[in-house]
Amino acid sequence: MSERILLVEDEEKLARMVEMELKYEGYQVEKALDGRRGLELALGGGFDLVLLDIMLPQLSGMEVLRRLRRESQVPVIMLTARDSVVDKVAGLDSGADDYITKPFAIEELLARIRAALRGKGGQAAQNVPLAAGPLVLDVEKHQVTVRGQNVELTKKEFDLLRHLLENKGRVLTREALLDAVWGFDFVGETNSVDVYIRFLRSKLDDAFGLKLIHTVRGVGYVIKEE
Ligand code: CA
């Protein structure tokens with residue numbers, strides 16, 4: 001059975017685009033264009049996840065979240081304007097599970113959605129190791145192995161690899177990787193991604209004679225099995 005997502009967003013063009021992408025991915029989607037309607041639908045229940053814009057007419061996203069949290073622990077991902085750090089902190093304090101800054105790459109949103117839905121599945125679902133061929137990443141143990149052999153990675157390398165594996169087979173742009181791994185406070189060049197991809201290649205592909213991390217020229221990177 002496909003998961004149901006409630007999208008509360010007043011920018012109609014963005015809402016239509018997100019709805020289309022989510023449906024394409026196999027989710028069921030309901031839309032609300034203002035906070036009051038969004039809260040009403042969310043409280044009605046039956047959703048596996050809520051995507052909640054902060055700046056909404058009638059009732060702000062924060063207020064919707066506060067009222068929703070009195071009754072429901074449904075995962076909520078806040079959609080925030082770029083650089084509004086205060087919103088993010090307030091959102092997480094009010095019980096949001098995650099946030100994503102606009103404008104966002106759709107693959108980034110999809111990754112956050114998958115992560116939030118997995119979280120809801122509880123411990124068992126979370127502890128399934130991520131893998132590509134002989135490469136296994138265990139999130140709980142914070143451990144990476146190839147054919148059972150330990151590979152030492154720095155925190156950034158680990159986070160980057162984890163994000164690639166969570167999106168196995170999906171091409172991720174440098175911007176999406178930067179946003180996911182380095183976060184909203186990152187100031188610098190997108191070639192940091194290239195540098196860390198080189199580190200990962202040397203520790204994984206080169207060291208073990210594999211070809212897991214692929215460059216898609218002009219787009220970004222993807223991890224896939226040989
Ligand atoms: Ca808005």
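## An aromatic cluster

F199 is partly exposed, with a relative accessible area of 36%; here buried means under 20% relative accessible area, exposed over 50%, and partly exposed in between, using a 1.4 Å probe and protein chains only. This is a predicted model, in which local features need pLDDT of at least 70 and side-chain atom pairs count only at pLDDT 80 or more, while totals for chains, interfaces and linings use all residues. Residues are numbered from 1 along each chain as its sequence is written, and side-chain values use heavy atoms, with hydrogens and water left out.

Together with W182 and Y196, F199 forms one aromatic cluster. Rings of Phe, Tyr and Trp (its six-membered ring) pair if their centres lie within 6.5 Å; planes under 30 degrees apart count as stacked, over 60 as edge-to-face and the rest as tilted. By this rule the count comes to two aromatic pairs. In one, the ring centres of W182 and Y196 are 5.4 Å apart and the planes stand at 70 degrees, so the pair is edge-to-face. W182 belongs to helix α8 (residues 174–182) and Y196 to helix α9 (residues 191–208), so this pair ties together parts that are 14 residues apart in sequence. Helices (H or I, at least four residues) and strands (E, at least two) are DSSP runs, numbered from the N terminus. W182 is buried, at 12% relative accessible area, whereas Y196 is partly exposed at 22%.

Y196 also meets F199: their ring centres are 5.2 Å apart and their planes are at 75 degrees, so this pair is edge-to-face. Both residues lie in helix α9, three residues apart, about one turn of the helix.

## The calcium site

Which residues coordinate the calcium ion? They are D10 (OD), D53 (OD) and M55 (O), at 2.1 to 2.3 Å. Donors are N, O and S atoms within 2.8 Å of the metal (3.2 Å for Na, K and Ca), and sites may look incomplete because water is not among the atoms. Along the chain, the donors follow the spacing D-x42-D-x1-M.

D10 sits in the loop between β1 (4–8) and α1 (12–24), and M55 in the loop between β3 (49–53) and α3, so the pair ties together parts that are 45 residues apart in sequence. D10 is partly exposed, at 29% relative accessible area, while M55 is exposed at 64%.

Which residues of helix α3 (residues 61–69) are buried? They are G61, M62, V64, L65, L68 and R69. Seen down the axis of α3, these buried residues fall within an arc of 160 degrees, so they line one face of the helix; the arc is that of the directions from the helix axis to the C-beta atoms.

Q58 lies in the loop between β3 and α3 and is exposed, at 56% relative accessibility.

Most residues other than glycine have a negative phi, and most peptide bonds are trans. Q58, which is not a glycine, has a positive phi of about 75 degrees. H142 is not a glycine either, and its phi is positive at about 50 degrees. H142 lies in the loop between β7 (135–138) and β8 (143–146) and is partly exposed, at 45% relative accessibility.

The peptide bond from K102 to P103 is cis, with omega near -5 degrees. P103 is found in the loop between β5 (98–102) and α5 (106–120).
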